[in-house]
Amino acid sequence: MTQPDMQNPTNINRKGLRYLLRAESMVAPDPVTDRALIAVIVILTFMAALTAGLVQFASVATARWQVVLASEVTVQIRPQIGRDIEIDLKHAEDLLRNVHGVTKVRIYPREETVRLLEPWLGSASVLDSLPIPRLIAVQISNDDPPDIISLSQSLTREIPGLSIDDHRTWTRRLSRIGETLIIASFAIFALVMLAVTMAIVFATRGAMAGNRAIIEVLYFIGAEDRYIARVFQFHFFSLGLVGGLIGGSLSIIVLFFLKIIAVNSDGLRETFGLGSVNVLSGPGWSVFVVTLLVVAVVAGLAALVSRITVFKTIDKFE
Amino acid sequence: MQATPYRSGGELVRFENVGLRYGVAPETLSDISFSILPQSFQFLTGASGTGKTTLLRLVMQALKPTRGMISLFGHDTATLDKDEFTALRRRMGIVFQDFRLLDHLTTYENVALPLKVRGRSESSFRAEVMDLLKWVGLGDLVDAKPPLLSGGEKQRASIARALVTQPELLLADEPTGNVDPALARRLLRLFVELNRSGTAILIATHDLGLMQQIDGGRRLVLADHRLHIEG
């Protein structure tokens, strides 16, 4: 009779996927329980991946707002007695064009400025008689912006009544709103993941309940604890992966359609600054990466819970 | 039928003053001391509820004693780690009272399971599993699944699964409890043949008629929570 080696009771566990696939058949297929678990995982993964995608949308949109605001400054020239504002505007434009870091300069024509003020001050005929400040829109490089303070000082010396608004107040406020939005989105994502974790733990434990007899048989016919754990781990990882991939794919499809709706809606595009943000390229790839991470976490959780359940069941035998 | 006579020698199982209680209840088993030798044949008997299954579970290490010492194959079980327990379990074959066959596997797959969990390839064990199935009279039912088998067929499949690794010790809990007298005799003959080929046998049963068919078998009798040895 063959005597087992007490130091190394088995030479199993080291034979790769083929061995695992063969071992996996020891788990009784239970279509009802398996499908129920997959359905739970599909829904939970969908929610988690969708939340993760929306968090990314929020952070991309916030970053976009900040970039748009930070890349433009407005030069304002107030009319001064004894000075020709058109000459001052032209002079300011020439000076600005020669400043390092300025990429585009555009003088707002008087008619455009009047149109901007019309909602507050009434008809154009009234405005014609008023000394209206004139505006110059200045695009600046985001990578190498000019020093706004020294630019403002040098322009003011040359042109009295000139001031520069670098939208700092707005940028700061929007930045705070953006940060709050991102923190709130992450908090929601964390809560969703917590709910997902708990639901998967309970669903997997429920699905494992019917397998106690198999664990017991495998244990008493001489299977190693690690071997039994791996048999179930592989089974539940497979279920988790299938459910996760379905849920993750659905969330990507929904995000893709949301993006199409957003870029085709003028209001939404303006609101979220999505005009140049493509979900499926550039920052959009992170949607896939995060979704795959969520799927991996979900499948890993299902495997881990089944493993822990196996060890707990075996501990009761010992 | 003649079983191998009991001789002293290196013990497969040794119980010394073993006691077991659940919680604060009185002891279910008290001061149990006995040993099982290689190639020996013994019945564990007693009225229903006297603790036969509990004693078997202590031998198979499904329960831990609350006092006393249990030694398996020369190893004190109190000092063994998980891997060592696995190695010891592999030297035993267990026939459960309720068979414990896996319903989603065929008879062949159920019997081959102990070899499979040891990592052996199917090509290395297919012939020996088929031979064993023929030996227990299940040669025509290799592809049948347990729900389609009769009680006796399930019992024989369960016995074949316990024997397939050629264990040094076979523990059987009421192996004839679910079969008719004729089949019980056939199963008993199977155990005797196995014993003659070198396996020590411990059969828990309350069937006196079954025990009377064996000459030379020891009787471990449980009564009043204690064990008395006859023969």
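1. B:Asp83 counts as partly exposed, at 24% relative accessibility (buried is under 20% relative accessible area, exposed over 50%, partly exposed in between, with a 1.4 Å probe and protein chains only). The model is predicted: local features need pLDDT of at least 70 and side-chain atom pairs pLDDT 80 or more, while totals for chains, interfaces and linings use all residues. Residues are numbered from 1 along each chain as written, chains are lettered from A and ligands numbered from 1 in the order written, and side-chain values use heavy atoms without hydrogens or water.

2. B:Asp83 forms a salt bridge with A:Arg226, with the closest N and O atoms 3.5 Å apart (a side-chain nitrogen of Lys or Arg within 4 Å of a carboxyl oxygen of Asp or Glu). The pair joins two chains, because B:Asp83 lies in helix α2 (residues 82–89) of chain B and A:Arg226 in helix α9 of chain A (helices are DSSP runs of H or I, at least four residues, and strands runs of E, at least two, numbered from the N terminus). A:Arg226 is partly exposed as well, with a relative accessible area of 36%.

3. Over all chains, the whole structure holds 20 salt bridges. Within chain B, B:Glu11 is bridged to B:Arg14, and their closest N and O atoms are 2.7 Å apart. B:Glu11 is partly exposed at 29% relative accessible area, and B:Arg14 is partly exposed at 29% too. B:Arg100 and B:Asp98 form another salt bridge, with a closest N to O distance of 3.1 Å. Here B:Arg100 is buried at 19%, whereas B:Asp98 is partly exposed at 46%. In chain A, shared partners join the salt bridges of A:Lys90, A:Glu93, A:Asp94 and A:Arg97 into one network.

4. Chain B has an open sheet of 4 strands in the order β2-β1-β4-β5, with antiparallel pairing (strands pair if DSSP finds at least two bridges between them). Strand β1 (residues 13–20) is joined to β4 (residues 67–72) by 5 bridges. B:Phe15 stands opposite B:Ile70 in β4(B), and B:Gly19 has B:Arg67 as its bridge partner there. On its pairing with β2(B), β1(B) again runs antiparallel, over 5 bridges. B:Arg14, the salt-bridge partner of B:Glu11, stands opposite B:Ser35 in β2(B).

5. Helix α1 (residues 52–59) of chain B is largely enclosed by the rest of the structure, because 6 of its 8 residues are buried. These are B:Lys52, B:Thr54, B:Leu55, B:Leu56, B:Leu58 and B:Val59. After the helix comes B:Gln61, with a positive phi near 65°.

6. There are 5 aromatic pairs over all chains (ring centres of Phe, Tyr and Trp, its six-membered ring, within 6.5 Å; planes under 30 degrees apart are stacked, over 60 edge-to-face, the rest tilted). A:Phe256 and A:Phe257 pair edge-to-face, at 5.9 Å centre to centre and 75° between the planes. A cluster of ring pairs links A:Tyr219 and A:Phe220 with B:Phe96.

7. A:Val242 belongs to helix α9 (residues 225–264) of chain A. A:Val242 is partly exposed, at 41% relative accessible area.
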